[in-house]
Amino acid sequence: MAATLSQAVIACIWIVAVMAITEGPEQLRRLPRLLGFVIPATVFDTAVGLAGLRFLEQDPAAAVLLIVPVAALLIAYRAYIRERQRHDHLRLLYESSHAFHHAHGFDATVTTLLRRAREMLRADIAQLTLLPADSEGMALRFCLGPGDIAELVEEKWTPDNVATEVAASGSRLVPRGRAGGGLTARMAAEGMRDAVAVTIGSEGGVYGALLVANRRGDVATFGGDDLALLEAFAGQVGVSINNGRLEAELQQLAFHDSLTGLGNRALLSMRLESALRRRRAAGAGPAVLIIDLDDFKTVNDSLGHSTGDRLLVAVADRLRGVLRPSDTIARLGGDEFAVVLEEIDDPATATDVADRLVEAMRETFVLDGTLMRIHASTGIVIATSEDESSDVLLSRADVAMYRAKARGKGCWELFEPTMQAAVQERHRLKLYLQRAVDRGSLFVQYQPIVDLEREEMVGVEALVRWEHPTRGLISPDEFIPLAEESGLIVQLGREVLEQACREAAAWQRILPEFAISVNVSARQLQEPGFAGEVSQLLRRSGLSPARLILEITERAMVSDEDTTREALARLRDLGVR
């Protein structure tokens, strides 16, 4: 008894060890359950054998009678094994159903089913292909390979791939070493040595194929039981995908821009984080491009918001035409778009894409018979370290985009660390400017205006100046744009205008024809009460309206045209030049 029991235990250990070597270390978990069955069975079989030997010693002719109980034991054992496999399959299917129930969203459902299919059939590859509605459509192929590296490919549907064969002919089993017609060659081309595949469908017909390939181990392969299990699993998959598609429609609303149909910021961030996780596994990281339409506000103000919306839709279509289906395109809001390019190991690849985008935007748009030309500034950043997040990359791409605008618009810039330092310095300067405006530290200087024919000074131009506490006198070309960005230009312009009117009123007593010229920004003109403020300043200072000249930039003339015209008309009524 002790000898047979020891032999049985050693045999179990060897069998499980060989399974672990050929099919993976997870097979070691089978040892306790196998011993739990083998030890009682060995004790029972040995006891029956010893009893049989004693029986034969007393009456050899009775050996024939032992055939019946032995045959019954064999039949019972085989029935037990089949029932045990059936129980295991039911357990796996129940666990899969439970996993599907807790997977929220279409992407999570697909990832869960691929992972469960691999685990159930102890394979390296699981692939789900969703067929297009017609032969001209795009097929979606979800693949989960070794190392849990997930891949989503949108590809033109062709009749010469594995999924097409399965969808056309139904379930297929291609064990290792057996010919499967043209399917074997197609499998080999896709790196598969053996496979089991089934169709996915509903009452409306077949709409996909589920394939599991490359059974783990050097000798193990798929069999009929695996095919039956995958067919049962496919029934659950069909229900889960249909439910997931309903949820995907809601996700479409949550993750896509309703105007252009592109993704939104939430989808872009999700895809970018996913690309960053894959970078840590594969090595090549993503690139982010932020595209901002130059002077788009002029289109809205001069042609109306409906025309602006149609232009945004046309821009989105043009972006789709330039980029690959695997690239993520999103509208971040307003006239700003973003693109994620995956697995970029050479900056030249990203800059080539940026060149194509810039050129595409330069081509004339035709909207309702109107020809329109618009340019776009693009900022590029490439992930270089593992600690970068989607927010960091988007921020850096934004910095590069503003550098492109500053360089002349209609071009691109690749992010460099020095740009971040410049942005931080610009932010600090903006804070200093806010403090200076609040404290009234800026001052006005006057530049003479001379009549060359009469060779006499006929007025002055008021120019605002700022002396920084550490940098000294700062050029207006540097701080005026900051004031416009932050909105400080309204407060600053009001103070300059008030001081200029007060001092010009004093000069008016000596030189009645003396005029003063003051620059006015677009932001000031867009203020609803700007003309009223000018009227009050003239009344308080005593300056004649005819002696005040307001210089308005071309940009102010095209910005918010209705508001600008109304303000100019009221100023003209006041007598201001």
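Author: A residue is called buried when its relative accessible area is under 20%, exposed when that area is over 50%, and partly exposed in between, using a 1.4 Å probe and protein chains only. By that rule, 41% of the 577 residues of the protein count as buried. The model is a predicted one, in which local features need pLDDT of at least 70 and side-chain atom pairs count only at pLDDT 80 or more, while totals for chains, interfaces and linings use all residues. Residues are numbered from 1 along each chain as its sequence is written, and side-chain values use heavy atoms, with hydrogens and water left out.

The protein has 19 helices and 18 strands, these being DSSP runs (H or I of at least four residues for helices, E of at least two for strands) numbered from the N terminus.

As for the sheet you ask about, five strands form it in the order S8-S9-S7-S12-S13, open and with mixed pairing, where two strands pair if DSSP finds at least two bridges between them. Its edge strands, each pairing on one side only, are S8 (328-333) and S13 (412-414). Neighbouring strands of this sheet are turned against each other by 20 degrees on average, direction ignored.

Within the sheet, S7 (residues 285-293) pairs with S9 (residues 336-344) in the antiparallel sense over seven bridges, and Ile-291 has Phe-337 in S9 as its bridge partner.

Helix H11 (residues 347-362) lies across S7, S9, S12 (376-382) and S13, and runs at about 170 degrees to S12. Such angles run from 0 to 180 degrees between N-to-C directions, with axes fitted to C-alpha atoms, for helices over the stretch in contact, and contact means heavy atoms within 4.5 Å.
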